[in-house]
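Colleague: I would like to learn how to read a few features of a protein model. Could we go through them one at a time?

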Amino acid sequence: MSPQAAMSPLARLARPEIVALKPYAHAAWLPSLTRLHANEAPWRPADDRSEGGLNRYPEPQPQALLERLAEVYAVPARNILATRGSDDAIDVLSRIFLRAGQDAILQCSPTFGMYQVAARLQGAEVIDVPLERANNWRLDPERLLAAWTPRVKLVYLCSPNNPTANLLDRAAVETVCDALAGKAMVVIDEAYIEWTTQASATTWLDRHPTLAILRTLSKSHALAGARVGALLGHAELIEIGRRVIPPYCLAQPTIEAALRALAPAEVAATTRRICGLLVERDYLRAGLAESRLVAQVWPSDTNFLMIDSPAAENFLRAAMRGGTIVRDLRAYPALSQSLRISVGTRAQNDALLTSLEA
Ligand SMILES: *Cc1c(COP(=O)(O)O)cnc(C)c1O
């Protein structure tokens with residue numbers, strides 16, 4: 001057997017220099033001992049309210065955090081890489097798999113902009129298989145698979161999708177995963193899954209060594225400012241990811257904030273807040289649908305609404321005059337009249353709706 005054939009499917013897809021990379025040896029993490037091995041200052045800075053001490057390097061891939069994420073995401077801790085938001089996970093995947101001038105990603109536009117930015121930073125090509133607007137942004141698995149070539153290393157599926165707000169059909173996603181097993185990393189971005197009753201794709205990880213799932217604490221856990229996300233995948237992917245990610249990537253206040261957000265009582269409170277926001281989404285939808293500036297409010301499986309407005313400029317101006325900023329999506333070729341509105345509190349949603357009447 002050739003050495004190539006003896007490699008795992010994952011190691012065959014990854015950049016050979018990353019598979020061979022000897023990782024940076026960071027200072028040992030032995031918290032019971034006095035730390036005179038990392039050139040840290042022995043005093044705390046003024047106003048340091050952290051538990052761990054800001055004078056200390058944080059624990060790389062903190063075990064307590066991995067264990068809480070494992071519990072909440074229902075996957076073993078060895079299948080999790082803690083990242084600085086999922087943007088960081090996208091960057092890690094790009095650096096593991098994409099070689100300049102040789103490799104490519106597949107994505108389904110209109111979708112999250114970071115996939116292609118990370119690919120282009122790496123010098124890789126972006127192949128686009130647009131979602132079907134006429135079918136509420138449906139994913140066509142046959143068209144996607146027909147676009148695959150051996151140069152494609154990462155296939156991004158965002159479900160629910162940003163900015164179109166819809167879940168992708170689970171059977172279609174599974175078809176893609178099965179067909180591309182061993183041929184490309186299928187990356188399912190589940191940044192908004194908490195707003196749905198859809199099961200996570202984590203249950204497919206066992207049979208798919210080339211599947212990766214992105215989760216984040218930025219949205220439903222209300223921690224966008226802390227920067228915490230997770231890459232879920234085969235243990236071999238996580239091991240390679242640990243070599244690529246900077247050793248002290250999660251700051252101590254971030255680790256502590258994430259642990260507080262993932263404590264069982266807080267997770268239960270989050271579930272209640274999600275239910276409340278979904279009620280608020282219906283309220284905002286109804287209000288927007290009545291506005292003469294709005295032609296269509298698209299169905300949503302997320303905490304935001306995408307609307308089409310032939311008078312988008314007027315909408316933006318009226319909202320702005322009322323003190324609200326919404327996202328202009330008109331730079332997307334398929335979204336020449338579209339705006340994206342995050343669901344806020346009742347007071348915020350009312351302020352927006354009132355400003356549209358003016
Ligand atoms: C918001 C969002 C993320 C989360 O990014 P973070 O880096 O975790 O804040 C990931 N994917 C999509 C599609 C998003 O909309």
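Modeller: Start with accessibility. Arginine 207 has 43% relative accessibility, so arginine 207 counts as partly exposed. Buried means under 20% relative accessible area, exposed over 50%, and partly exposed in between, with a 1.4 Å probe and protein chains only. This is a predicted model, in which local features need pLDDT of at least 70 and side-chain atom pairs count only at pLDDT 80 or more, while totals for chains, interfaces and linings use all residues. Residues are numbered from 1 along each chain as its sequence is written, and side-chain values use heavy atoms, with hydrogens and water left out.

Colleague: With which residue does arginine 207 form a salt bridge?

Modeller: Side chains of opposite charge can pair when their charged atoms come close. The rule for a salt bridge is a side-chain nitrogen of Lys or Arg within 4 Å of a carboxyl oxygen of Asp or Glu. Arginine 207 meets glutamate 174 in this way, at 2.5 Å from N to O. Arginine 207 is in the loop between β5 (185–189) and β6 (211–216) and glutamate 174 is in helix α8 (residues 170–180), so the pair ties together parts 33 residues apart in sequence. Helices (H or I, at least four residues) and strands (E, at least two) are DSSP runs, numbered from the N terminus. Glutamate 174 is partly exposed, at 26% relative accessible area.

Colleague: How many salt bridges does a search of the whole structure find?

Modeller: The search finds 23. Salt bridges that share partners join Glu132, Arg138, Asp140 and Arg143 into one network. In another salt bridge, aspartate 103 pairs with arginine 99, with the closest N and O atoms 2.9 Å apart. Aspartate 103 is buried at 2% relative accessible area, whereas arginine 99 is partly exposed at 24%.

Colleague: How is the chain divided into domains?

Modeller: There is domain 1 (3–262) and domain 2 (265–357), with bounds that come from an automatic or database domain assignment. Their centres, taken over C-alpha atoms, are 28 Å apart. In contact across the boundary are 24 residues of domain 1 and 20 residues of domain 2, where contact means heavy atoms within 4.5 Å.

Colleague: How much area do domain 1 and domain 2 bury between them?

Modeller: The size of an interface is often given as the accessible area lost when the parts come together. Here the two domains bury about 1800 Å², 64% of it on carbon and sulfur atoms. Buried area is the accessible area (1.4 Å probe) that two parts lose on being put together, summed over both. On the side of domain 1, Pro163, Ala165 and Trp195 lose the most area to domain 2, together 35% of what that side buries.

Colleague: How many salt bridges does the rule find across this interface?

Modeller: The rule finds 1 salt bridge there. For a further salt bridge in the structure, take arginine 133 and aspartate 308, whose closest N and O atoms are 2.9 Å apart. Arginine 133 lies in the loop between β3 (125–128) and α7 (141–147) and aspartate 308 in strand β9, so this pair ties together parts 175 residues apart in sequence. Arginine 133 is partly exposed at 36% relative accessibility, and aspartate 308 is buried at 4%.

Colleague: Is serine 300 buried or exposed?

Modeller: Serine 300 counts as buried because its relative accessibility is 8%. Serine 300 sits in the loop between β8 (296–297) and β9 (304–308). Leaving aside neighbours within four places in sequence, serine 300 is in contact with Ala165, Arg281, Arg285 and Leu305.
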